[in-house]
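User: I have a model on screen and want to learn how to read it. Can you take me through the main features, one at a time?

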Amino acid sequence: MTTVLDVQRFKDEGRRFAMLTAYDFLSARILDEAGIPILLVGDSLGMVMLGYPTTLPVTLDEMIHHAKAVARGSRQALLVGDMPFMSYHVSVEQAIESAGRFVQEGGMHAVKLEGGGRVVEITRRLTEMGIPVMGHLGLTPQSVHQMGGFKVQGKTEAQAERILADAKALEEAGAFSLVLEGVPSTLAGRVTSSIRIPTIGIGAGPQTDGQVLVFHDFLGLTTGKAPKFVKRYANFADDITRAAQQFADEVRKGTFPDPEHEYSANGVKPSAREVKYGAGA
Ligand code: KIV
């Protein structure tokens, strides 16, 4: 099984690595068997699975519901649960309780938290308690209203210095890795070479130690426009549309089910009723 020590070793040995989001049993099983070393139950599930306009409405209970399914599907990957908005914002105690639920109920091995500043202290406390923390800096979607939209962060030298300082503080507090989202490539490179823990980029160029993509984006399982940095490794939305249209068409024409085909798994000829209504009829 991949552990936080392996993730550190990847960086130490100069091995770049992939992380993908997963939200359910089957996708986790497939990605895990494909050898993806880290699966993130991202709060992006609020948008891609539940249809919310941002990640803000997704609750800890919803996250844990999906985390449990991912944990059932996965055998090898390091599983990271993304702490949703307002599950760690009230107090350090609240953050500990939420992270504890992710591990105890959700079956996660680590948690991810967005931001620097006061998140540094939460990172220290969780790490002390044996819950590994993945940091997340740059474009932090839970602060979408503060940022005035989903905008690249760290473009000015002052912003870049802030992100660099937060990265160092998170490392010092015990974070085992750091997501860098929506920052200029040069800044991502600067952060990556300034800290010992691995960085994982999304929309941050090629100079990070690892890369993460959202499951639906990388498979082309989206209806709208994907962000510019996304590479689609498949076109599932098109495939599903084509398959659904073909199915509906064949049902309309009466070519499915094939009247000539014997739908029997055990070699016994199905009855006319079974042919019409399915096995067990
Ligand atoms: O929620 C998520 O999917 C994320 C990744 C984009 C890093 O935070």
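User: Where do I start? What share of the contacts in the protein chain is between residues 24 or more positions apart?

Analyst: Contact means heavy atoms within 4.5 Å. Of the contacts with a separation of 6 or more, 57% are between residues 24 or more positions apart. Two notes on the model. It is predicted, so local features need pLDDT of at least 70 and side-chain atom pairs count only at pLDDT 80 or more, while totals for chains, interfaces and linings use all residues. Residues are numbered from 1 along each chain as its sequence is written, and side-chain values use heavy atoms, with hydrogens and water left out.

User: What are the overall dimensions and parts?

Analyst: The C-alpha trace spans about 75 × 40 × 35 Å along its principal axes. Domain bounds come from an automatic or database domain assignment. Here domain 1 covers 4–234 and domain 2 covers 237–277. Their C-alpha centres lie 43 Å apart.

User: How many helices and strands are there in the protein chain?

Analyst: Both are DSSP runs, numbered from the N terminus: helices are H or I with at least four residues, strands are E with at least two. This chain has 12 helices and 8 strands.

User: How are the strands arranged?

Analyst: Look at pairing. Two strands pair if DSSP finds at least two bridges between them. Here 8 strands close into a barrel, in the order β1-β2-β3-β4-β5-β6-β7-β8, with parallel pairing. The twist averages 25° from one strand to the next. Such angles run from 0 to 180 degrees between N-to-C directions, with axes fitted as lines to C-alpha atoms, for helices over the stretch in contact.

User: Why is β1 called largely enclosed?

Analyst: Buried means under 20% relative accessible area, exposed over 50%, and partly exposed in between, with a 1.4 Å probe and protein chains only. In strand β1 (residues 17–21), 4 of the 5 residues are buried, so the rest of the structure largely encloses it. Across the 281 residues of the chain, 47% count as buried.

User: Which residues of α2 are buried, and what do they pack against?

Analyst: The buried ones are Ser27, Ala28, Arg29, Leu31 and Asp32. They pack against β1, β2, α4 (60–73) and α10 (215–218). After α2 comes Gly35, with a positive phi near 90°.

User: What about β7?

Analyst: Read its two faces. Thr199 and Gly201 point one way, Ile200 and Ile202 the other, and all are buried. Helix α9 (residues 185–194) carries the chain from β6 to β7 in a right-handed β-α-β crossover. Val179 stands opposite Ile200. On to the next pair: β7 (residues 199–202) and β8 (residues 210–213) are parallel over 2 bridges. Gly201 has Gln211 as its bridge partner in β8.

User: Is Arg16 buried or exposed?

Analyst: Arg16 is exposed, with a relative accessible area of 54%. It lies in the loop between α1 (4–12) and β1. Leaving aside neighbours within four places in sequence, Arg16 is in contact with Pro206, Thr208, Asp209 and Gln211. Its C-alpha is separated by 9.3 Å from that of Ile200, 184 residues apart along the chain.

User: How do I check a helix length, say α11?

Analyst: The expected span is 1.5 Å times one less than the number of residues. Helix α11 (residues 236–253) has 18 residues and reaches 25 Å from first C-alpha to last, close to the expected 26 Å. Just after α11, Gly254 takes a positive phi of about 80°.

User: And how does a helix lie on the strands?

Analyst: Take α8 (residues 157–173). It lies across β5 (133–138) and β6 (177–181), running at about 175° to β5.

Note on methods. Right-handed = clockwise from strand over helix to strand, strands pointing away.
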